[in-house]
Structures are given as structure tokens and as C-alpha cells.
Amino acid sequence: MTAYQPTLDFARQLDAQDPLRSFRQQFHIPPAPNGDAECIYFCGNSLGLQPRTARAAAEQQFRNWQELAVEGHFRGDTPWLHFHKRVQDAAARLVGARPVEVVVMNNLTTNLHLLLISFYQPTPTRYKVLMEGGAFPSDQYALESQVRLRGLSPDDAIVELTPRPGEHTLRTEDILVKIEELGSSLCTVLMGGINYYTGQVYDMAAITQASHAVGARVGFDLAHAAGNIPLHLHDWDVDFACWCSYKYLNSGPGGVAGAFVHERFADQPELLRLAGWWGYDEEQRFQMKKGFRPMRGAAGWQLANAAILTLAVHEAALAVHEAAGGMAALRRKSELLTGYLEFLIRGLGLPASRLEIITPQDPAQRGCQLSLLVHQGGRNLFEHLMAAGIIGDWREPNVIRLAPVPLYNTFEEVFRAGEVLRNWATSRPATEKEKKVTHV
Ligand SMILES: *Cc1c(COP(=O)(O)O)cnc(C)c1O
């Protein structure tokens with residue numbers, strides 16, 4: 001680890017050495033709630049900031065619509081008929097896939113449902129689904145309803161992994177043991193790539209290997225992983241995955257989402273799926289014939305014609321990501337940046353009874369985000385941060401998530417957040433009970 005120092009000079013020195021420092025200028029940084037010209041935005045894990053190129057990209061399509069109307073499908077600089085393909089290569093690079101394995105469409109939860117139809121096909125003996133306990137609610141509801149759709153009971157079919165008593169995150173060994181234990185009853189494993197609450201990165205390669213060893217399918221919800229950590233879905237042999245684009249991919253609220261289906265399934269038109277005309281073999285799509293014939297690969301899961309306006313914004317946002325050097329370059333800075341925040345928080349010397357970082361300490365097991373479990377006065381700390389112009393987010397019952405993002409956050413911002421935390425920590429002295437507990 002770098003020998004960090006808790007000083008403004010040191011933070012500025014890191015900023016001066018940061019090869020990505022100019023990328024901040026490519027984003028709109030919102031004003032702070034306290035009236036400062038710019039907030040310290042640590043909420044890119046929830047909604048990424050707006051790239052300055054986003055508006056023009058959308059306006060270009062408004063113009064095409066205005067001037068070309070229906071002809072825009074075939075004419076102009078960016079014919080809509082093939083528009084979704086414009087982001088396919090970048091999306092593939094982002095998740096470590098071959099282009100045929102990805103498609104950008106719909107929203108995340110929609111894609112999750114579409115993929116579960118294909119990759120959760122229970123039989124009377126193999127029908128269990130394994131997921132992490134406390135998964136993002138949408139994933140829980142999606143699975144629950146998928147299980148009911150097959151006439152099964154969620155209580156019986158869904159198995160949840162929970163941390164050991166006294167621990168906040170899952171141990172890989174426990175995940176793998178559970179997969180083996182479920183063995184031939186296990187139909188599908190669905191986990192986050194990164195848990196949204198704790199910020200823990202799961203070992204996707206090991207989970208995939210273990211799942212395949214017992215004959216189960218495996219997929220990941222990459223909402224918090226796409227654009228945050230390097231991914232190698234193809235090489236890891238993952239069966240399916242989905243992600244959204246409005247978090248670390250800065251593509252706007254409700255932005256278009258991604259889906260991955262491993263190449264092994266690219267030429268299996270008989271694989272059960274929900275079908276629509278946009279997934280139909282495009283050579284013959286407009287012959288409007290009876291009988292569904294899917295496109296090769298992930299494109300064969302498309303239902304409907306593409307959302308051009310949000311795709312245009314996504315294309316612009318991905319271009320910024322790629323110009324920065326993609327995941328490898330971003331990850332280098334991200335580890336340093338989040339490591340610095342961690343260093344400053346640990347430097348406060350707060351007792352675990354007051355504040356704990358529940359995100360793993362090992363950089364390989366986390367992305368940008370740190371989740372602070374605040375045992376006392378959490379809401380008060382959150383408001384203290386907001387009043388100082390620091391935007392994080394609050395997750396009931398007592399977690400504050402802070403995510404410094406390498407594309408637009410600076411080391412100086414991290415330092416300033418550390419000072420605000422120090423100010424809070426010293427403004428309310430520890431109680432006698434807290435003092436007795438060993439420090440983290
Ligand atoms: C953000 C997030 C979602 C949101 O789903 P949408 O369909 O985009 O509304 C779902 N799952 C996880 C794990 C998330 O982090």
C-alpha cells in the first residue's frame with residue numbers, strides 16, 4: 001500500500017500525479033446542498049454524474065427525429081435500425097465478453113427476468129436457487145416471482161447465504177461449500193457481482209466453477225460492478241449476467257441496461273426465452289413471418305425496438321469511460337482513492353461500537369464504495385456530511401455508503417471528507433461504554 005499521509009498537501013500531490021485528473025472536467029458537478037459551487041459527490045454508486053457530452057448526444061437524436069421522422073430508422077448519420085449495435089463493442093470490453101455475448105437493452109430488472117426464464121429451468125429434483133441474503137430488493141422480488149411462475153414455493157426453492165455470526169460479509173469458502181452441499185438440487189446461482197449494501201466483491205470465477213461442477217447455471221447482477229471493477233465474464237465462463245448503466249456508467253436515470261449470455265448458448269435457438277420481433281433474425285425480421293427465429297447470441301433476447309434517446313446518452317458516457325483507458329486505468333486510481341478514504345477513516349481511531357467499515361479491507365474484494373456501519377448517531381453523521389456538501393447515501397437501518405469514483409472524484413475531495421468525519425468524531429465524545437471496546 002502507498003504510504004498515505006493525512007494532509008491536504010499530500011492529497012493535492014496525488015491529484016497532481018493522477019493521469020486521469022482531466023476527466024473531472026468532462027462531467028457536470030452539481031452544487032452542494034450548503035450552497036457551495038460544487039458538492040463532493042460520493043454517490044456514483046447510485047447515480048453517476050452527467051457527462052458534458054450527454055445532452056448533445058440526445059439532442060442529435062431529437063434532431064434526427066425532427067428532420068427525418070420515420071426515415072430516421074434507415075437514414076441520417078446514425079440509423080436507428082442498428083443503433084443498439086453502436087455500444088455493443090464497448091459494452092463487451094467493459095464486462096470482458098465477446099461482442100456476440102452482449103446486448104444493450106431494457107432496464108436491469110427486465111433483463112434479469114428475461115435471463116432467468118432461460119437460465120432458471122427447474123425440474124422436480126433440481127429446482128433450488130442460491131442467492132446472497134440481503135440482495136438488492138429488486139433481485140429478491142424477481143427471483144421470488146420467477147419461482148412462483150414455475151409453480152414452486154419461494155420458501156422451499158430460494159436458499160440465501162448469510163455471513164457467519166458477528167461477520168458482515170460472506171466468505172468465499174462458505175459460498176462454495178453451500179453450492180456443493182446443494183449439489184444436484186441446485187438449478188441456478190444468482191448473485192451480485194458486488195453486494196450493493198456492503199460493497200463486497202464476490203469471487204465470480206470461483207462461484208462459477210463450483211456451480212458448473214454441480215451442474216447448475218450461474219449468473220450475476222452486475223449493477224454495482226459494471227464500470228467499477230474489471231470483469232472477465234467470458235473467461236470466467238459465467239452463463240448470464242445483467243447490469244444497469246446509470247451507476248458507475250454515468251448514462252442517466254433509468255438509462256438503458258446490459259445483458260450477457262455466454263457464447264456457449266449463442267447457437268441454441270431452442271433455448272427457452274420470451275421472444276419479440278427485435279430478437280428475430282434481422283435478415284428476415286421484416287418479412288414478418290410466423291415462427292420465432294432468434295438472432296445469434298445475446299441479441300436473440302431482445303424484445304422490442306431500441307430506446308434511441310437513452311442509448312445515445314449511454315454511447316456518449318461509454319466514450320468517456322473508454323477515453324480514460326477503460327477499466328484497467330480506472331481501477332488503478334480507484335484502489336488508491338478508496339484506499340485513501342479508508343486510511344483516513346481508520347485514522348480516526350473510532351471504536352467498532354461506534355463506527356465500522358463493513359466493506360472488505362482487501363482491495364481485491366471491493367470496488368469504489370466503502371460502507372460505514374454507524375452504530376450510534378448514523379443519521380446525524382449523514383446529515384453532518386450533507387451539511388458539509390458531501391453527498392453519500394443512507395441505507396436503513398444504519399449504513400452510509402461513500403463511493404469516490406475515479407472518473408470525477410479527487411484525492412482532495414477524499415481528504416476534505418476525512419476532515420468532516422474527523423470533525424464529527426471529535427464533536428461528540430465517545431461514551432464510557434464505547435471507550436471500553438477495542439479499536440478497529
Ligand atoms: C441498482 C440495482 C438495481 C436496480 O434495478 P433497475 O431495474 O435498474 O431499476 C437492481 N439490482 C441491483 C443489485 C442494483 O444495485
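Which residues does Gly-192 touch, if we do not count residues up to four places away in sequence? In this model Gly-192 touches Glu-132, Tyr-202, Phe-220 and Asp-221, where contact means heavy atoms within 4.5 Å.

Before I go on, a word about the model. It is a predicted one, in which local features need pLDDT of at least 70 and side-chain atom pairs count only at pLDDT 80 or more, while totals for chains, interfaces and linings use all residues. Residues are numbered from 1 along each chain as its sequence is written, and side-chain values use heavy atoms, with hydrogens and water left out.

Now to the place of Gly-192, which is in strand β5; strands here are DSSP runs of E with at least two residues, helices are runs of H or I with at least four, and both are numbered from the N terminus. Gly-192 is buried, with a relative accessible area of 7%, and buried means under 20% relative accessible area, exposed over 50%, and partly exposed in between, using a 1.4 Å probe and protein chains only. Strand β5, residues 186–192, is mostly covered, since seven of its seven residues are buried. By way of contrast in distance, the C-alpha atoms of Gly-192 and Gln-26 are separated by 30 Å, and these two residues lie 166 residues apart along the chain.

Let me turn to the neighbours of β5, remembering that two strands pair if DSSP finds at least two bridges between them. Strand β3, residues 128–132, pairs with β5 in the parallel sense over three bridges, and Val-129 stands opposite Thr-188 in β5. Strand β6, residues 217–221, also pairs with β5 in the parallel sense, over five bridges, and in β6 we find Gly-219 opposite Leu-190 and Phe-220 as the bridge partner of Met-191. From β5 the chain crosses through helix α8, residues 204–213, to β6, and this β-α-β crossover is right-handed, meaning that, with the strands pointing away from the viewer, the path from the first strand over the helix to the second runs clockwise.

Finally, β6 is itself mostly covered, with four of its five residues buried. Three bridges join β6 to strand β7, residues 240–243, and the two run parallel, with Gly-219 standing opposite Phe-240 in β7.
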